[in-house]
Amino acid sequence: MRTIIFDLDGTLADTSADLIAAANACFRRLGHGDLLHAQRDAGCAFHGGRAMLRLGFSRAGQAGEAAVDAEYPRLLEHYGANIDVHTRLYPGAAEAVEELRDAGYRVGICTNKPAALAEDLLRRLGVRGLFGSMIGADTLPVRKPDAAPYRAAVEGAGGALDRSFLLGDTVTDRDTARAAGVPCALVTFGPEGRGVAALEPDALLDGYDGLAAVARRLIG
C-alpha cells in the first residue's frame, strides 16, 4: 500500500512562534529577557526545544548543557499550556492529505515532538483523524534520524515500506529517509526556503497543491 509519512513541525504546521515563545518564557524567568526572535530564529525552532535553549543561552554567554537540561522540562510545560496560540497548518495541508486518502494512499506522522504534545496539537488543529499513525520522539527508545520510528509510522498506517516516502523540512528528515532506504521530499515554504535543495532530497514541495504530483512521481 502506497504510504506518505509526514513530519509535523515545519512540514504540516508552522509551530515556530509558539515554540520560540516557550523558550523565551524560560529566558525571561531567568532574567535574560527574550533571547530568540520569532521570525529570524524560526529555523532553530524546528530543530527542537533543546536547540532553542542552546542558542538562547549562547547569546547570553552561558555555555554548557546543565542550563539546557534544567530548563527543558519548563519549556515543555509552557509550550504544552500554549501549544496553539499562533500555530497554524500550512495552506492546503489538510485538503492535500484528504485528497491522498481519497486516492488510496495511507498517511501517517513521524515527529521528534514528544508524542503527547503532538497528539494534543493535532487534535486542536482538527486533523488527528486524518492520519493512520502518529509516532513521536518518545514512542520508541530511539527517534529520528534513526529509521525505526519511520518504519513504525509506515506499519501503523497500514502501508508498505518499499512504497513509501517521507515528507519533511530538515536534514533530520533527509537522514531518516536515507536510513530507511526510502525517498524524501522536503518543503520549501519553511525558513530555509529553497535552500533545502542543498540537502539533495528526491523532490521539493513548493506548496501542498503539488503534493499529489510529487507522490505519484516518487511512489506511483
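Select Thr15, in the loop between strand 2 (13-14) and helix 1. Helices here are DSSP runs of H or I with at least four residues, strands are E runs of at least two, and both are numbered from the N terminus. The model is a predicted one, in which local features need pLDDT of at least 70 and side-chain atom pairs count only at pLDDT 80 or more, while totals for chains, interfaces and linings use all residues. Residues are numbered from 1 along each chain as its sequence is written, and side-chain values use heavy atoms, with hydrogens and water left out.

Is Thr15 buried or exposed? Thr15 has a relative accessible area of 0% and is buried; the cut-offs are under 20% for buried, over 50% for exposed and in between for partly exposed, with a 1.4 Å probe and protein chains only. Now display what surrounds Thr15. Neighbours within four places in sequence left aside, Thr15 is in contact with Asp9, Gly10, Phe46, Tyr79, Thr87 and Leu121, contact meaning heavy atoms within 4.5 Å.

Next, select helix 1 (residues 16-29) together with helix 4 (residues 65-81). Their axes are 9 Å apart and the packing angle is about 130 degrees. Axes are lines fitted to C-alpha atoms, for helices over the stretch in contact, and angles run from 0 to 180 degrees between N-to-C directions. The two helices are therefore oblique to each other; angles under 35 degrees count as roughly parallel, over 145 as roughly antiparallel, 65 to 115 as roughly perpendicular and the rest as oblique. On the helix 1 side, the contact is made by Asp18, Leu19, Ala21, Ala22, Ala23, Ala25, Cys26 and Arg29, and on the helix 4 side by Glu71, Arg74, Leu75, His78 and Tyr79.

A salt bridge is a side-chain nitrogen of Lys or Arg within 4 Å of a carboxyl oxygen of Asp or Glu. Glu71 and Arg74 are three residues apart in helix 4, about one helical turn. Glu71 is buried at 4% relative accessibility, whereas Arg74 is partly exposed at 37%.

Move to helix 3 (residues 49-59) and colour its buried residues: Gly49, Ala51, Met52, Leu53, Gly56 and Phe57. Helix 1, helix 2 (42-45) and helix 4 are included in what covers them. Just after helix 3, Gly61 has a positive phi of about 75 degrees.

Which residue forms a salt bridge with Arg54? The partner is Glu65, with 2.8 Å between the closest N and O atoms. Arg54 lies in helix 3 and Glu65 in helix 4, so this pair ties together parts eleven residues apart in sequence. Both ends are partly exposed: Arg54 has a relative accessible area of 39%, and Glu65 is at 36%.

The last stop is helix 6 (residues 115-125), where Asp120 and Arg124 lie four residues apart, about one turn of the helix. An α-helix has 3.6 residues a turn, so residues three or four places apart point the same way. The side chains of Asp120 and Arg124 meet in a salt bridge (3.1 Å, N to O). Asp120 is buried at 19% relative accessibility, and Arg124 is partly exposed at 47%.
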